[in-house]
Amino acid sequence: MIRIFPSLRFTSLLSAAKPLCSYSPAREPPQYASFTEAKSSPQTNSLSITPKTPLFLRTPSHATSLSEVWKWHDWAKDLASSVEESSTNSEDILDSVILHRELKWLIEDSIVDDPLVILHKSEIADNGEKNVKLRASLEELYDLWRQRIEKRRPFQYVVGCEHWRDLVLCVEEGVLIPRPETELIVDMVEELVARDEWFKKGFWADLGTGSGAIAIGIAKVLGSSGRVIATDLSPVAIAVAGHNVQRYSLEGMIEVREGSWFEPLKGLEGKLVGLVSNPPYIPSDDIPGLQAEVGRHEPKLALDGGIDGTDSLLHLCHGASRMLQRGGFFVFETNGEKQSKMIVDYMMSNDLKDCFSDLKIVSDFAGINRFVTGFRL
Amino acid sequence: MAIMAVAALFHARFPLLLRHSVPSTFSLSSVIYYRRTVPSNGLSTRLCSILRYSSSVDGGGSSSGDSGSVSDSVSVVSDVQSPNYLKFTDDELMKQCRLETFRVSGPGGQHRNKRDSAVRLKHLPTGIVAQAVEDRSQHKNRASALNRLRTLLAIKVRNKVDLDAYAPPPELLQILPPKSTIRTSSGSQIGPNNPKFVPGMQALLDVISASDGSIADSAKLLGLSTGGLSRLILSHDGLRMAVNSMRASKGIKPLK
């Protein structure tokens, strides 16, 4: 399994962190004439990265006696229950209720038979001699659960997937795990295209696509005539997004292109009908204090938004004015509250003053002012 | 079973009570508008507002706590015909709800890895709450919560029925056993696990409520034997519990 080297990740981060001054046409790759001709990306190192197979898609080649699995399950439950006393920081605590739920999902992903044979041991007449087929060895399952609790490895990386909307997306280290909040971006697009067919026909772009979650969600709501270009700077993200697109047989609608923000979109200036992004927006100073699962395991490239977190967002605002056609729609996810207001203010001032209409801040389910949306005038 | 657990849970909190006043707080505060431009070239059709989803940090809701005046087991039949909420599409029903997620305080978004994708729906016109926690995606939990809401609406909201001129609606006919003498179509009976059972169950509860909890009287109206109707009621846990609480309020012994 090829990992992106930390040094490479850091360099990419630096190059992404100075977006306002980074737009110099000379540095960008050669122009793409059209959507169909631009099938191959100039940097092809992502092609050599093979995405990991998530647990639930592996071959169930490990026959294991039920009694041994029960033993593992009891151990895993005890470990999950024991976490709360050991933590002192209440903000960054493992919640045993959630861990027990995750354990159930881990079993669902690991076993071919009905998970109930493990979960409801007491109701099974079997004395445990029967074998069940597992997608991972018991040894690996011990290891995975230890990683979850002791290393605070995110559950989604442990099982290699995240359930998001009606999708199951492969994820792995190096790719941001899509958040429940972000599901709303697709809901907004769904509502928009339901009202106006115009948006179904043109090009959409999802910048910094990560696992490809938003691009895939949008492609599905656009219907068969939809076209989505998904870009990312990270070769791992490109490989994983491409794999997810393939799993949903959307290669005909979504094109994954490697590169920074708008660079892979040359030739589409003023042509997009929609632009969406969940860019890195966390202020750099907040990065060290992040929840362990996030701070220790998820890619900084996808999280760190510069000093006040708006570096990438401001770059996206300018790009939106260049790339969207008249009437085109955009939605960006933000850090909430202060930051979303900042972005709206920015879009109403200076050289972007007359570019957008109906700028709105839309809150997420928790009531946080999460998204900025609007239309190109 | 999960449905019943939730139903039982909220039975304690939300008495069988129909509220007609739509809370005045039903203003969506989730969208902040900035420059309202009205372009001249017909763009306005494209400028839609995206405000279907509201959210709130208010946990309980004010209309749920004031159950003092009505005993838990009493179902209130309204004088005015209420809208039949079950006839609304999922989208329409969703618009009558406030959606809440459970989350700890904090910035959310990229800051958190939160496996908890639980969803809680509060149906504002009735104050009924449905929730779903068990699925891995918020999207699916929302769908499950909506299904549960439909079941709870069927159980808790009573529509007025005129027994003298009673004609069972089609949704009720299709859940009746083939033996029923009023069953006209030859279609097979819809069972309790089918989502179409829910509107039929609501209509059935309306009849039983109008008959003051009497199974014999209701059975007559439906062309069934008392035993036949009892079996139908006992086939669905929520239905059985609703009928029994209705009977308890009239001092009639429960069905078993």
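Predicted model: local features only at pLDDT ≥ 70, side-chain atom pairs only at ≥ 80, totals over all residues.

**A loop residue, and what lies beyond it**

Mentor: Let us start with A:Arg165, which lies in the loop between β3 (161-164) and β4 (167-170) of chain A. Residues are numbered from 1 along each chain as its sequence is written, and chains are lettered from A and ligands numbered from 1 in the order in which they are written.

A:Arg165 counts as buried because its relative accessibility is 5%; buried means under 20% relative accessible area, exposed over 50%, and partly exposed in between, with a 1.4 Å probe and protein chains only.

A second residue with this backbone feature is A:Asn350, which has a positive phi of about 50° although it is not a glycine. A:Asn350 lies in the loop between α14 (337-347) and β10 (356-363) of chain A, but at 58% relative accessibility A:Asn350 counts as exposed. A:Met348 is found in the loop between α14 and β10 too, and with a relative accessible area of 27% A:Met348 is partly exposed. In space, A:Met348 is 8.6 Å from A:Leu359, C-alpha to C-alpha, and the two are 11 residues apart in sequence.

Another loop of chain A, between α10 (213-222) and β6 (227-232), holds A:Gly226, which is buried, with a relative accessible area of 0%. If residues up to four places away in sequence are not counted, A:Gly226 touches A:Lys200 and A:Met253, where contact means heavy atoms within 4.5 Å. A:Gly226 and A:Ile254 are 28 residues apart in sequence, and their C-alpha atoms are 8.4 Å apart in space.

Of the 377 residues in chain A, 60% are buried, and residues 24 or more positions apart account for 73% of the contacts in chain A with a separation of 6 or more.

What does a search for disulfides, meaning pairs of cysteine sulfur atoms within 2.5 Å, find over all chains? The search of the whole structure finds zero. A:Cys170 is in no disulfide, and the nearest cysteine sulfur, that of A:Cys161, is 7.1 Å away. A:Cys170 counts as buried, at 3% relative accessibility. A:Cys317 is buried at 0%, and its sulfur is 10 Å from the closest cysteine sulfur, in A:Cys355, which is too far for a bond.

Turning to chain B, we can look at how helices pack. Two packed helices are described by the angle between their axes and the distance between the axes. Axes are lines fitted to C-alpha atoms, for helices over the stretch in contact, and angles run from 0 to 180 degrees between N-to-C directions.

Helix α7 (residues 226-234) and helix α8 (residues 237-249) of chain B pack at an angle of about 120°, with their axes 6 Å apart. In this contact, B:Leu232, B:Ile233 and B:Leu234 of α7(B) meet B:Leu239, B:Arg240 and B:Val243 of α8(B). These residues divide into five nonpolar, no polar and one charged, where Ala, Val, Leu, Ile, Met, Phe, Trp, Tyr, Cys and Pro count as nonpolar, Asp, Glu, Lys and Arg as charged, and the others, Gly among them, as polar.

Helix α3 of chain B includes B:Ser144. Leaving aside neighbours within four places in sequence, B:Ser144 is in contact with B:Ala132 and B:Glu134, and its C-alpha atom is separated by 7.8 Å from that of B:Gln131, 13 residues apart along the chain.

How values were computed: Heavy atoms only, no water. Disulfide = S-S within 2.5 Å. Helix = DSSP H or I, 4+ residues; strand = E, 2+ residues; numbered from the N terminus.
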